[in-house]
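Open the structure in your viewer and keep the sequence panel beside it. This tour says what to select at each stop and what is there.

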Amino acid sequence: MILDLALIFIVVLIGSCMQRISGMGLGLIAGPVLVVIMGPVEGILVVNVLAFLNAAATTMTVREFVDWRKFAIISSVLIVGSVPAALLVREVSGALLQALVGGLLLLALAVTTFGKKYIPTASGTAPAVVAGIAGGFMNTLAGIAGPAITVYAQASRWGQQSFAATLQPIFMVAGALSFLTKILSGAGDLTETNWLIWPVGVLGMALGLWIGVKLSAKVPREKARKLSLLLATAGGVTALVRGINGVI
């Protein structure tokens with residue numbers, strides 16, 4: 001258990017640091033690792049809680065760059081995607097769910113990394129609504145709302161600074177909704193979660209955020225984003241392989 005706690009501390013620290021610099025990171029990096037360590041239901045529930053806390057703290061440091069209109073549109077429909085995802089979590093087996101988490105993460109990363117040049121220009125409210133629904137579904141199932149909203153950001157030519165800042169309050173709402181829909185629907189609970197995960201996770205998050213604030217002016221956002229995607233890909237592959245092995 002000590003090794004697991006140390007690994008959780010490290011991935012939460014790295015994820016929080018990357019999120020402060022580039023806008024995304026905690027769910028992408030910590031999600032797949034916690035799924036492997038704790039299982040796909042409990043692991044993502046813990047990520048949802050930590051993502052909420054991390055986004056709340058990060059929002060305070062970037063609030064002047066938040067586009068509150070886009071936040072209102074996207075966050076208002078997250079619940080539409082969150083509810084069916086919670087029901088799916090409740091019904092499928094742990095191994096299949098782990099494979100789904102890994103596969104969904106890899107698909108989302110592929111679209112945002114290699115498919116961005118094929119994403120058509122979008123404008124208006126409808127694309128933001130679709131992104132919010134997709135983000136709610138993905139966050140509840142796999143702890144990753146960011147990639148779906150990144151596709152919208154690329155299509156709408158949303159400026160990076162405003163986009164990265166606005167993601168933070170969106171992640172707050174997404175984390176809270178994902179947690180509540182799964183708890184209230186009976187899809188999962190944290191009654192048997194080792195209590196040490198919370199101080200370890202919060203400590204890693206706080207230290208990562210502090211380091212991220214220090215590095216944000218020195219590390220290019222794009223380099224931080226690429227590193228986050230690389231680490232997330234490794235975690236996604238691991239979760240996918242373990243899930244498929246469990247199903248077989």
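The stops below go from helices to cores, then to surface sites and a loop.

This is a predicted model, in which local features need pLDDT of at least 70 and side-chain atom pairs count only at pLDDT 80 or more, while totals for chains, interfaces and linings use all residues. Residues are numbered from 1 along each chain as its sequence is written, and side-chain values use heavy atoms, with hydrogens and water left out.

**Stop 1: helix H1**

Select residues 2-22, which are helix H1. Helices here are DSSP runs of H or I with at least four residues, numbered from the N terminus. H1 has 21 residues and reaches 30 Å from its first C-alpha to its last, close to the 30 Å expected at 1.5 Å a residue. The expected span is 1.5 Å times one less than the number of residues. Next, select Gly-23, which follows H1 and has a positive phi near 105°.

**Stop 2: helix H7**

Select residues 125-142 for helix H7. Its 18 residues should span 26 Å at 1.5 Å a residue, and the end C-alpha atoms are 25 Å apart, which agrees. Which residues of H7 are buried? They are Ala-128, Ala-131, Gly-132, Gly-135, Gly-136, Met-138, Asn-139, Thr-140, Leu-141 and Ala-142. Buried means under 20% relative accessible area, exposed means over 50%, and partly exposed lies in between (1.4 Å probe, protein chains only). The buried residues of H7 pack against helix H3 (40-62), helix H4 (68-76), H5, H6, H8 and H9. Just after H7, Gly-143 takes a positive phi of about 75°.

**Stop 3: the nonpolar cores**

A nonpolar core is a set of buried Ala, Val, Leu, Ile, Met, Phe, Trp, Tyr and Cys residues joined through side-chain atoms within 4.5 Å. Select Leu-28, Ile-74, Ile-149 and Trp-158: of the 38 residues in the largest core, these touch the most other members. Helix H6 (residues 94-114) gives the most to this core, with six residues. Apart from it lies another core, of 20 residues, among them Cys-17, Ile-21, Leu-26 and Ile-29.

Now show the contacts (heavy atoms within 4.5 Å) of Trp-158. Leaving out residues up to four places away in sequence, Trp-158 touches Asp-67, Lys-70, Ile-74, Ile-149, Tyr-152, Ala-153, Phe-163 and Thr-166.

**Stop 4: helix H5**

Select Ile-79, Val-80, Val-83 and Leu-87, a nonpolar patch on the surface with about 290 Å² of accessible area together. Such a patch joins nonpolar side chains (Val, Leu, Ile, Met, Phe, Trp, Tyr) within 5 Å, from residues with over 30% relative accessible area and no salt bridge; like charges are joined within 9 Å. The areas come from the Shrake-Rupley method with a 1.4 Å probe, and for residues only the protein chains shown count as cover. Leu-87 is in helix H5 (residues 78-91) and is partly exposed, at 36% relative accessibility.

Move on to Glu-91 and Arg-90, whose side chains meet in a salt bridge (3.2 Å, N to O). A salt bridge is a side-chain nitrogen of Lys or Arg within 4 Å of a carboxyl oxygen of Asp or Glu. Glu-91 is exposed at 57%, whereas Arg-90 is partly exposed at 42%.

**Stop 5: a loop residue**

Finally, select Arg-157, in the loop between helix H8 (146-155) and helix H9 (160-184). Its phi is near 55°, a positive value in a residue other than glycine. Arg-157 counts as exposed, at 53% relative accessibility.

How values were computed:
Helix = DSSP H or I, 4+ residues; strand = E, 2+ residues; numbered from the N terminus.
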